[in-house]
Amino acid sequence: MNGMSESLRKELNRQFNHELMAAHHYEALAWWCTHRTLPGFARFFRKQAGEEREHADRIGRHLIDRGVEPRVEALPAPESLPESLLEVARYARRLEQNNSRGIHAAYEAALAARDYPAQVMLHWFIREQVEEEAWTAEMVGRVEAADCAGALLELDRHIEKLLEQREEQGD
Ligand code: FEO
């Protein structure tokens, strides 16, 4: 079974690469934080990079199951490096907003092609993006509220503890 339209193939392959690009950029944010001794944020962004690769895998798997070969393309380097943690948080928010636009464009292509399997596969992503945009908005808000270096370090420790607890719970 294949039957996927050419335009939908292109859209899904574009989004497949977009997810890989998001992973690449989250890696950059993780190293930015590591370099500035913010291990909590670094760990968080590294985990996020892993999730983005899983998102790419989901789309790649769908293409394979439909007899289409996913094509990995060159990934653009991150924009100019952020100068503050607030810029890092805003960068992550922009990544997710762009990702939502990409998912919606892929979904519109699936609707236009009347491709029901691709529509069902993309429902998961549409839901996921609501969560992803929500956490990045929350992160921007929390970093904005931390108005001194001490408060940022406290926030970093809080994130690290939260991730440790989640890992212990197998989340
Ligand atoms: Fe793959 Fe952050 O969305």
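Visitor: I keep hearing about disulfides; what is a disulfide, and how many does the structure hold?
Guide: Here a disulfide is a pair of cysteine sulfur atoms within 2.5 Å. In general, a disulfide is a covalent bond between the sulfur atoms of two cysteines. In our case, the structure holds zero disulfides. Take Cys33: it is in no disulfide, and the nearest cysteine sulfur, that of Cys148, lies 17 Å away. Looking from the other end, Cys148 is in no disulfide either, with the sulfur of Cys33 as its nearest, 17 Å away.

Visitor: Before we go on, what sort of model is this?
Guide: It's a predicted model: local features need pLDDT of at least 70, side-chain atom pairs count only at pLDDT 80 or more, and totals for chains, interfaces and linings use all residues. Residues are numbered from 1 along each chain as its sequence is written, and side-chain values use heavy atoms, with hydrogens and water left out.

Visitor: Is Cys33 buried or exposed?
Guide: We go by relative accessible area: under 20% is buried, over 50% is exposed, and in between is partly exposed (1.4 Å probe, protein chains only). Cys33 comes out at 0%, so it is buried. Cys148 has 41% relative accessibility, so it counts as partly exposed. Across the protein, buried residues make up 43% of the 171 residues.

Visitor: How do I read the way H1 and H2 sit together?
Guide: Picture each axis as a line fitted to C-alpha atoms, for helices over the stretch in contact; angles run from 0 to 180 degrees between N-to-C directions. The axes of H1 (residues 6–35) and H2 come within 8 Å and cross at roughly 165°. Angles under 35 degrees count as roughly parallel, over 145 as roughly antiparallel, 65 to 115 as roughly perpendicular and the rest as oblique. That is why H1 is roughly antiparallel to H2.

Visitor: Where is His25, and what does its side chain reach?
Guide: His25 is in helix H1, and it is buried at 6% relative accessible area. For a polar contact, look for a pair of N or O atoms within 3.5 Å; within protein, one must be able to donate a hydrogen and the other to accept it, and residues adjacent in sequence count only if both atoms are side-chain atoms. The His25 side chain reaches the backbone oxygen of Pro76 at 3.0 Å. Contact means heavy atoms within 4.5 Å. Leaving aside neighbours within four places in sequence, His25 is in contact with Pro76, Ala77, Pro78, Tyr91 and Leu95.

Visitor: And what about Thr136; which residues is it in contact with?
Guide: Thr136 is in helix H4 (residues 116–145), and at 0% relative accessibility it counts as buried. Its side chain reaches the backbone oxygen of Glu132 at 3.1 Å. Beyond its neighbours within four places in sequence, Thr136 is in contact with Tyr26, Ala92, Arg93 and Glu96.

Visitor: Where is Val68?
Guide: Val68 is in the loop between helix H2 (39–65) and helix H3 (85–112). Even so, Val68 is buried, with a relative accessible area of 9%.

Definitions and conventions:
Helix = DSSP H or I, 4+ residues; strand = E, 2+ residues; numbered from the N terminus.
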